[in-house]
Amino acid sequence: MLFSLIVAVGYTACGTLHSRFDMVAALNAPQFDPHTPNGNPNKNSLCNRRMRVQGPSGSVDVAIVDRCPVCKTGDVDLNEAAFAKIEYCIEYTMSSTLQQQMSVETPEIDESLFSRQLYVLGKEAMHQLARAHVLISGMTGLGVEIAKNIVLGGVKSVIVHDCGKVDYSDLSSQYYFNEDNIGQNRAEIALEKLSELNSYVTVTCSMETIDEAFLAKNKINVLVLTNASLDNQIKVGDYCHQAGIKFIIANTNGLFGQIFCDFGEEFQVLDTNGENPTTHVVTHITHDEYGVVFLGTDARHGFEEGTYVTFQGVKGMSEINNKEFKITVPSPYTFGIGDTRNFGNYEGGGTVTEVKKPEIIKFKSFSQSLAEPEMLISDFAKMSMPSNLHLAYQALSLFQQRQGAAPQPWDEADANKFLEIVEELNTKDREKPFTDELNKHWIKLFSKICTGDVCPMQAVIGGISAQEAMKAVTGKFMPIRQFFYFDAIECLPEKLHQGCDEDYKPSLPTNKSRYYSQEIVFGEDFQKTICQSKYFVVGSGAIGCEMLKNFVMMGIGCSKEGAIYVTDMDSIEKSNLNRQFLFRPWNIGQMKSKVAAEAVKQMNPSVNITAFVEGVLAETEHIYDDNFFEGLTGVVNALDNVKAREYIDQRCVFYKKPLIDSGTLGTKASVQVVVPDLTESYSSTRDPPDASIPMCLLHNFPNLIEHTIQWARDNFAGLFTNPAQQTEEFLKDPKEFAERTAKSLSEYDRNEIIQNVKLTLGQERPQNFKDCIKWSRNLFQEQFHNTIGQLLHNFPHDQVTAKGERFWSGNKRCPHVLEFDVNNPTHLDFIVAASNLLAYIHHIPQTRDRDLIAREVAQVQVAKFQPKAGVTIHDDDEQMAADMERQRRRNSITNTADPADILKRLPDFDSVRNIQVRAHEFEKDDDSNFHMDYITATANLRAENYEIQPADRSKIKRIAGNIIPAIATTTAMVTGLVCLEVYKFLQNHQKIEAYKNAFVNLALPFWSFTEPAPPQQKKYLDTPFTLWDRFEVQGDITLEQFLEHIKTKYNLTPTMLSSGLCLLYNTYMMRQPGKAEDLKRKISEVYETVTKRKIPPHVRSLVLDISCEDSDGNDIDVPYVKYKLQ
């Protein structure tokens, strides 16, 4: 084994950037080089694969990131951080997957990269993707969008195919092309950028004819055809159907799109809806002919007639465990499993889980489907649109054959000819018309804009098509059957899309520019409006990256008058690279907004884009001030939390700026449009809060793995975060810490904080790793043996309630204590993780040597458990809540304490000032920090206590880390929908029916478009108002003048004026001595006096809440006051 330590800090042969703290290695050239395609080591398929290296002081997992040119076969070279873990290494072992890839080519999933997508698709589907070979024909905007999403998804290989050359018409949506590429082959130009997206995917290009030999040679599993003639679609489609190759057609024409799927005669769908199988706690099963199952919840179980379920952990009627039953559903709260008389009597316990069954789908070939189409409806407000577009797409090919070219943009004569062809097709070779709802207006619009090209349409159709390709490979989720048509004609001028202005014709492009194809749809004049607009993109994660790409392709902010502003407080992590396509491995650690801004500047150098790294918060209103917001055209949210969204919403309402909010959850996506004066705001409605786990259930009576995971997460914070943080604060400034602690809510809180600091700095703190092991062994005993033993002492197995019922029944699972076993991998996992976590806090060198830790922990002696008398354990939340209220009242008597007394109870600062501690900040994505190791082991050990089915690390990580499943396809699609709404804003659409809120689930697949809800209307006197209205007062005037202004202008008598929680005026205050003088003071002076802070220079307006009475003395609801200081 060679250790020359050539793996230096910085960039490597694999194109990755790493720090001196990363565990990485260089593989010997003889084994590395055969996996380098086209001489580009960045694309080496071994890059980022992991191997374990064993040495005298332990082992270390390292990632292959570099090539070692001087190493011999079998040698590996470690960086300093990895080398330090093992000192003098004597051997290494590659993972079995890595060994097989070097020989047999077996896919391995990089969970640090694909973690969010894994939670959408699952491991088996990801393995299927990693074996797939996909051909995408057509590298215009739609083709590259599909290719980008599929490459990010992690297939084995992608061939991008195109025989055509780059033209100005491509530049509106093909973000990897620029003017310098005009005349060059599309596929060759697209190849370079697509190859950078995912080092695990081999991307090549081809200009060959797509025929049987080509498809067989390249082992194509899925063929995606774009920009092809109808004849070619039929020819290729029929061959793919016969050869068993999954076939997808995707097209966009102006504001219209088409997708067709053919996955063969018998396609197996393994997961029809994308939902995680439902699990419920069983409380009783009848012993009779019908076998009715009762569940431990008042909520509906959600099972459907004919669903299959399986049971685990049922006692007494144990014969049903691990067997599948097809159920009947007599009620939403119970279900039947058939005759249970041959089974034992139910005694208690158990869970029931839904079993997903595959479904076989039969697809017709493209040629057969043309005549007998099955079409999915995307917009129920336009039910006949699919049948109209089905004819229009066929007519387009016939028009080109007969006229030698596509219809001319906005040409009425060509539109009439096109309509004649559609009418011909509607009745040709049919006993009755294909559709009785032929819409001449829609058909002529199709003709007029079908040669146009807009990036948001490519994003929508490209995202959906890429998801269909993944379905074709994996069987994961229900495919489109078989045609899908989509339109966005509402983006056209309002009178036009409603059919009220047939003579409309925009100013067509006179010069070739990168917006040429978009100008065909909207005209040159509107393009100027787009370029002059100023948009604020809040967030540059997955949605933000896609949004910025769409914006620069549309031309937003691309003139000297226009601008794009983007902000994000986060830096780039490896897990981002699977969806946030503007980022590369060498960007890891850099700020998202800065990198994203530079990336889209490369796509369209004309863009004026400014990147911020400050969040949009109350604390940053000096940055995003009145001038900033008032200069905006609109705002789009790309955020992942409700609180931030609500704040942005408040700002947009205040400044009357249009806002579009969007979000994704796996294959689900939503869009909400907020239009000033026209719709409700984002904050007008809220989703119900997630159901919380009752405290008693969490602490003493868990019955699902979710309960033990939450307990483990809380336990981690209570042991390894909070005490160390409190100790750090004490060591930093004891007096300030004492003052802050003295103000804690209760004596209980103060005692807990003081005890945490004393334990962390006390004599029993660990001095070496052996002490950490001893502490961990005692922690195991306390958490999984003693605490459970005390619970069983209070509530024995045979305990009965006052009603004579068994205590341990229904939702309550009777636990058992765990006896530590050093040979049990989970038991040892706990000790290894807990020991290392404690060692980190106290700056003690860590070790991963499991053998050493096992030897040491086996020698630790623990005290025998003796149950305590007088310990109160609450068996329901009502008891716990009552006890907490009693404590609160008792402690409220001494709600504050003297800081000097607090200091006396804390350790003497001079004796501990040199002690160093550091807290753990929970980080789920770092597999080297022991955080998830501890939580996984703890959750599963507690599950073992209560005989709950354990979970794998992946599931525990998702729940404990509150990870939102995400996939690039959904993100691409939803941003396309957002940008289509932006066109409407920029055209100042005034009718609410023109705008579309959206909910989409690509797994089903399902689309729902609805009109936004109008704002709630109220009245003061006879004047209606909504959340968008306000009383505006110009100039800083006295309080007396203000009151008179409201009386005179609105015929209302103010009774109270406030700003937030600060009361500036009410009628009763004026009776107090000295308060009447406030009437002569300017409101700004009163505001500063009451709030005890100066009005910052950037603030030009105050938001004041006002209460008023009418002339009869009745209280009246009124808008707030926008008080303009200048």
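Modeller: Take S662, which stands opposite V671 in β30.

Biologist: Before we go on, what kind of model is this, and what do the values rest on?
Modeller: It is a predicted model, where local features need pLDDT of at least 70, side-chain atom pairs count only at pLDDT 80 or more, and totals for chains, interfaces and linings use all residues. Residues are numbered from 1 along each chain as its sequence is written, and side-chain values use heavy atoms, with hydrogens and water left out.

Biologist: Fine. Where is S662 placed?
Modeller: S662 is in strand β29. Helices (H or I, at least four residues) and strands (E, at least two) are DSSP runs, numbered from the N terminus.

Biologist: How do β29 and β30 pair?
Modeller: β29 (residues 659-665) and β30 (residues 668-674) pair in the antiparallel sense over seven bridges. Two strands pair if DSSP finds at least two bridges between them.

Biologist: Is S662 buried or exposed?
Modeller: S662 counts as buried because its relative accessibility is 0%. Buried means under 20% relative accessible area, exposed over 50%, and partly exposed in between (1.4 Å probe, protein chains only).

Biologist: And what is S662 in contact with?
Modeller: Leaving aside neighbours within four places in sequence, S662 is in contact with I543, M547, N637, L639, R645, S670, V671, V974 and V978. Contact means heavy atoms within 4.5 Å.

Biologist: What order do the strands of that sheet have?
Modeller: It is an open sheet of eight strands in the order β27-β26-β25-β28-β29-β30-β31-β32, with mixed pairing. β27 (609-612) and β32 (1006-1010) stand at the edges with a single partner strand each, so one side of each has no neighbour in the sheet. From one strand to the next, the twist averages 10°.

Biologist: Which helix lies across β29?
Modeller: Helix α21 (residues 642-655) lies across β25 (534-538), β28 (634-637), β29 and β30, and runs at about 165° to β29. Axes are lines fitted to C-alpha atoms, for helices over the stretch in contact, and angles run from 0 to 180 degrees between N-to-C directions.

Biologist: I543 and V974 were on your contact list. How do α18 and α34 cross?
Modeller: The axes of α18 (residues 542-554) and α34 (residues 968-986) come within 9 Å and cross at roughly 45°. The two are therefore oblique to each other; angles under 35 degrees count as roughly parallel, over 145 as roughly antiparallel, 65 to 115 as roughly perpendicular and the rest as oblique. Residues making the contact include I543 and M547 of α18 and V974 and V978 of α34.

Biologist: New topic. What about α23 and α27?
Modeller: α23 (residues 705-732) and α27 (residues 825-841) pack at an angle of about 5°, with axes 11 Å apart, and are therefore roughly parallel. F716, L719, F720 and A724 of α23 meet A834, L837, L838 and I841 of α27.

Biologist: What is the strand order in the sheet with β8 and β9?
Modeller: That open sheet has eight strands in the order β10-β9-β8-β11-β12-β13-β24-β23, and the pairing is mixed. β8 (residues 133-137) and β9 (residues 157-161) pair in the parallel sense over five bridges, and L135 stands opposite I159 in β9.

Biologist: Which helix runs at about 175° to β12?
Modeller: Helix α14 (residues 455-474), which lies across β11, β12, β13 and β24 (483-487). Helix α9 (residues 230-243) lies across β11 (222-226), β12 (246-253) and β13 (256-262), at about 160° to β12.
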